[in-house]
There are 4 protein chains.
Amino acid sequence: MMYFQCDYVDGAHPALLKRLVETNSHRTSGYGLDPYCENARALIRRACGNPDVDVHFLVGGTQTNMTVIASILRPHQGVLAAETGHITCHETGAIEALGHKILALPSADGTITSAQVEAYYRDHLDSGVSEHTVQPGMVYISFPTEPGTLYTKAQLKELSDTCRRCGLPLYLDGARLAYGLAAPDNDLTLPDIAELCDIFYIGGTKCGAAFGEAVVITKDSLKKDFRYAIKQHGGMLAKGRLLGIQFEALFADGLYFHLCRNAVEQALRIRQALEEKGIPPYISSHTNQQFALLTKDQLAHLEKKYYLGIWDRTVEGRPIVRFCTCWATPDEEVDELTRDIKAL
Amino acid sequence: MMYFQCDYVDGAHPALLKRLVETNSHRTSGYGLDPYCENARALIRRACGNPDVDVHFLVGGTQTNMTVIASILRPHQGVLAAETGHITCHETGAIEALGHKILALPSADGTITSAQVEAYYRDHLDSGVSEHTVQPGMVYISFPTEPGTLYTKAQLKELSDTCRRCGLPLYLDGARLAYGLAAPDNDLTLPDIAELCDIFYIGGTKCGAAFGEAVVITKDSLKKDFRYAIKQHGGMLAKGRLLGIQFEALFADGLYFHLCRNAVEQALRIRQALEEKGIPPYISSHTNQQFALLTKDQLAHLEKKYYLGIWDRTVEGRPIVRFCTCWATPDEEVDELTRDIKAL
Amino acid sequence: MMYFQCDYVDGAHPALLKRLVETNSHRTSGYGLDPYCENARALIRRACGNPDVDVHFLVGGTQTNMTVIASILRPHQGVLAAETGHITCHETGAIEALGHKILALPSADGTITSAQVEAYYRDHLDSGVSEHTVQPGMVYISFPTEPGTLYTKAQLKELSDTCRRCGLPLYLDGARLAYGLAAPDNDLTLPDIAELCDIFYIGGTKCGAAFGEAVVITKDSLKKDFRYAIKQHGGMLAKGRLLGIQFEALFADGLYFHLCRNAVEQALRIRQALEEKGIPPYISSHTNQQFALLTKDQLAHLEKKYYLGIWDRTVEGRPIVRFCTCWATPDEEVDELTRDIKAL
Amino acid sequence: MMYFQCDYVDGAHPALLKRLVETNSHRTSGYGLDPYCENARALIRRACGNPDVDVHFLVGGTQTNMTVIASILRPHQGVLAAETGHITCHETGAIEALGHKILALPSADGTITSAQVEAYYRDHLDSGVSEHTVQPGMVYISFPTEPGTLYTKAQLKELSDTCRRCGLPLYLDGARLAYGLAAPDNDLTLPDIAELCDIFYIGGTKCGAAFGEAVVITKDSLKKDFRYAIKQHGGMLAKGRLLGIQFEALFADGLYFHLCRNAVEQALRIRQALEEKGIPPYISSHTNQQFALLTKDQLAHLEKKYYLGIWDRTVEGRPIVRFCTCWATPDEEVDELTRDIKAL
């Protein structure tokens, strides 16, 4: 069986594994206060083009989203997010468990617009009964989005401007950031993101690391006491250096910016095969995830050889199927898959 | 100015006020453990046709919803409710502040169907990634609903059957229960509700009391430790007898079952005036709330003499306007309003 | 049976009841936005000697404590309080249910000192592992304290100075404030409290009202969005005017400042009777609560005629018994009780 | 500098690292549903002598405590724990952040007794105002305790019996379990713990793993929906197999039962050196942690060569200093430390 259902089926990228092995018997302080984490922070600051950002390392994505959102919102505030957002749908109510409502905005392609944010903010203020409803307190987006789409630089700039005008911190979930940055039609850089977002995270787990996410805080007022939030939500890894060592390896020579390129190219080959076969896309993505509306027969046929991601909704009776590549997907498996798609 | 914007503009019904005055200098224990509360509980048990229900008195609606829902759900569970439900829209995230997601179901008229509940429940179980999403743990409905509609006995029976089959406690918010029971086309009785729901509350604040709601628990497994939940959420009134005294007066001679009849008749007269004038309803209600789509000019004209409820959404540019009567609304004011509507 | 177990066995003071009756058929907006509440706010501002304080009305004490504390603390912060504080012991974990630890300080008499606060604050900062422990975020005191003692003006001034130096908002729970202000050895005034505390509440429930507490916010940064907090925690009374009407009556002619004097005098007579009888005090109080260490026989004897408050702890096998008077306690009952104490 | 301040300064035990490297390029499903986790579960079940226990893998200790406690308690319940417990002191209020009070019991040596639990439980029931206080809902202990002491089998049996009689689930935090099992005076086995506790965790992070803790649930009623709790609290590792692989290696050949023996022997040598030097112990421990009351001069002298753990309290002005060994501590470093202690 070949794995195309998600991008966390492998271990660590060899370069990271090598460093984990080399440093295994070193002895350091815990909780992210070691030299590896310090160096990784410095490398990330440089990659962001901003020496003043705070950088913290956490283990996983849901944990990171919880910690960031809990550290920003006051109790009566909620977070604006796409109705398809990861926090909205796939985190078992982790955000609500912190006490906050997710103010879900309609989204056809996983993005939300500055106009939506502005309208929600104004309507809340103008309602006359504001205090009977949840106050919007921040904005959550992801890049790439849940269905693999991207914000352009112009879109992110406009969203950022709106958020700053409304006093809403803008948070970008970068679980798959490396796939977004590697997409052929992407025009955003890491320094752009650092400039336009108030806080974001650089995804490791899906982008070469065995585990780990790096939170970058650019807005000064959000920096205070973040380590308390990490600890309170169970995210402070005792041997925190394991995170620092991996992010050092990802950012020392720019590995993070190219290790996902091949995966995106693979995904675009799958996209083309689906198109040629006339299988309708669920959404048009140029990243490592491709969503298509297979017939049940087509799906059943492919599932004999491939693990695929099956979403829990259907469109006109057709399952939404995710084909997902990652930095470690073998080219031969993509060759075989595209052949099998065409032969459906 | 005349008040038609909501049903809590008056004090207490004279019969209740009289008893509050008569008993004011009596001295009793606190926290609802006094003879008035005991007697009110007995009267409510009788009115429900069930000697085994537990009855608790709280001060207000949001507080009651919080306390009930917190006492039922486990942390990873959410509450199924209409997207227009009071808990969904108008409680400043009180339910999320308890840690629970509201699983909002689409609803054109404020009701939800047994088919919706069953489908949600099944989809959750069948999703293959159940534990990545919030588990439905109970069902919240209101009677009348937020826009003033009613469940028929058949509908409530079907919903109740589904909930019991799925193991989901059914909770009915009866903030305006007396208006629902008094509606001409209603076929539900209080004993029916006590039989079909696992827990519900009999609204006092909007139905004759100065304040107060009576929670009725019919399902044994929900009875345990409910007083802890009341206290923890700030709902245990020190001079709890003030609640008991009012509910005694509401249920001693069946006052609760007829004090809202006139308000419903008044509302239907307003409904008729709106119809005759050709003003489109937003929804068809037979209770004390009537929602209509006025033009901005019509609204501006009426607002010179009347306080009206303006919802925060519009339909095709027209504001949704609520005309609300209550047990204390003077007939002459309704006469005048209907004349003014016809003269628009 | 005569009631000396607590100070909430009566209804409302006649002056308040009169106004509730007079205004019962008036019609007003809800949620505390009515003219009665506005006027009560103005009267309280004047009584506090500060025209800029914000005033909000809530129903009960636990609800008020929850709402205030939730509105101040960030998630990783806790509240410093005496180990005997009401929030520490008698609110079913309401503060923890909001997510906050109570940082309990040892207290022999119910008060905490500025030295304790300063030491806790410094130790936290100096611990080297601050983020592994809860950060102190505010200070809770009560006046009178749980066992009926008082802060002097000098003590409160010193505590206030320390809190401000440490950046810890100081919150005073005034559930029995009127009894404290009426104590013969008290040297604090309401304007003093308004000057020295950042937020406090003027207790109504135990001091003449049927129910109700008035939160006064003096510190500007704590004022923002407080109504959201009230609504989210279920404390926004629909017919909010019932609170305003009562506080108007309490503050229109200074009733609040003298209606509890007699109760304090009664309590001091009980204190003297206990002393004369040689019954050891549990604590030395000059307010309306007197705590004494009765023998079990003495307690059994008195309990034939009197309801008394029995604490859940004992001192050397002797139950801690509370004798509590209130603004409505009849003098003849105190006469009889003191006679019976002396005859033990 | 040599490290004696804690037991998480190293990476993974070589046997675990080897397996992580060997399996790195394998591809598996995520979220702990892979064959490595399945096998590790089977091995742990066997080691517990109970084929029916549920086993779940999490990343760290605070996260595990949060998840377990949240999954057990109802909102109005708290957890009984020693005042020195890890959850009480060192988790930044993580348990309170879930909404639960920690009911701290006095403890001279880190253990709590069955008599304490029974008394607390009875006093709560008998208080007459139970619902005004937090209900005890479970018991938390650790083995070894925070200061390194152990429960005997008889003590744990008695505590377990009491908990079961009172209906309080007993949870054992085994962060350093391997050090406890390896202590010379220990008479408890893993099957004993599995029999006497309702839920516990086998610590990995401090006992040979790079990270990871294995929760074992023995009581059937606690098994339901535990994976929801893991996900909701951010503890479901995407590449969950990393946990399974490590626990496989720890339990395949009994490594877990002997890899900490040397560390305990080293600690006892340090203990002896301290004794010989006349340095008073803070507590008498026979595990890998030794706590002693050094003078400030002694501490300053040792800190030139050694990282030591300094507790945030002092005893009579003397700092409480922790000497901590681990499975990877070199014998030569212990030789040197003991020499230096004797030469103080």
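**A sheet and its helices in chain C**

Guide: In chain C, helix 15 (residues 331–342) lies across strand 1, strand 10 and strand 11, and runs at about 80° to strand 1 of chain C. Helices (H or I, at least four residues) and strands (E, at least two) are DSSP runs numbered from the N terminus, contact means heavy atoms within 4.5 Å, and axes are lines fitted to C-alpha atoms, for helices over the stretch in contact, with angles from 0 to 180 degrees between N-to-C directions. This is a predicted model, in which local features need pLDDT of at least 70 and side-chain atom pairs count only at pLDDT 80 or more, while totals for chains, interfaces and linings use all residues. Residues are numbered from 1 along each chain as its sequence is written, chains are lettered from A and ligands numbered from 1 in the order in which they are written, and side-chain values use heavy atoms, with hydrogens and water left out.

Helix 13 (residues 261–277) of chain C lies across strand 1, strand 9 and strand 11 (318–324), running at about 15° to strand 9 of chain C.

The strands belong to an open sheet of 4 strands in chain C, with the order 1-10-11-9 and mixed pairing, where two strands pair if DSSP finds at least two bridges between them. Strand 1 (2–4) and strand 9 (289–293) of chain C stand at the edges with a single partner strand each, so one side of each has no neighbour in the sheet. On average, neighbouring strands of this sheet are turned by 30° against each other, direction ignored.

Strand 1 of chain C pairs with strand 10 (residues 306–315) of chain C in the parallel sense, over 3 bridges, and C:Tyr3 stands opposite C:Tyr307 in strand 10 of chain C.
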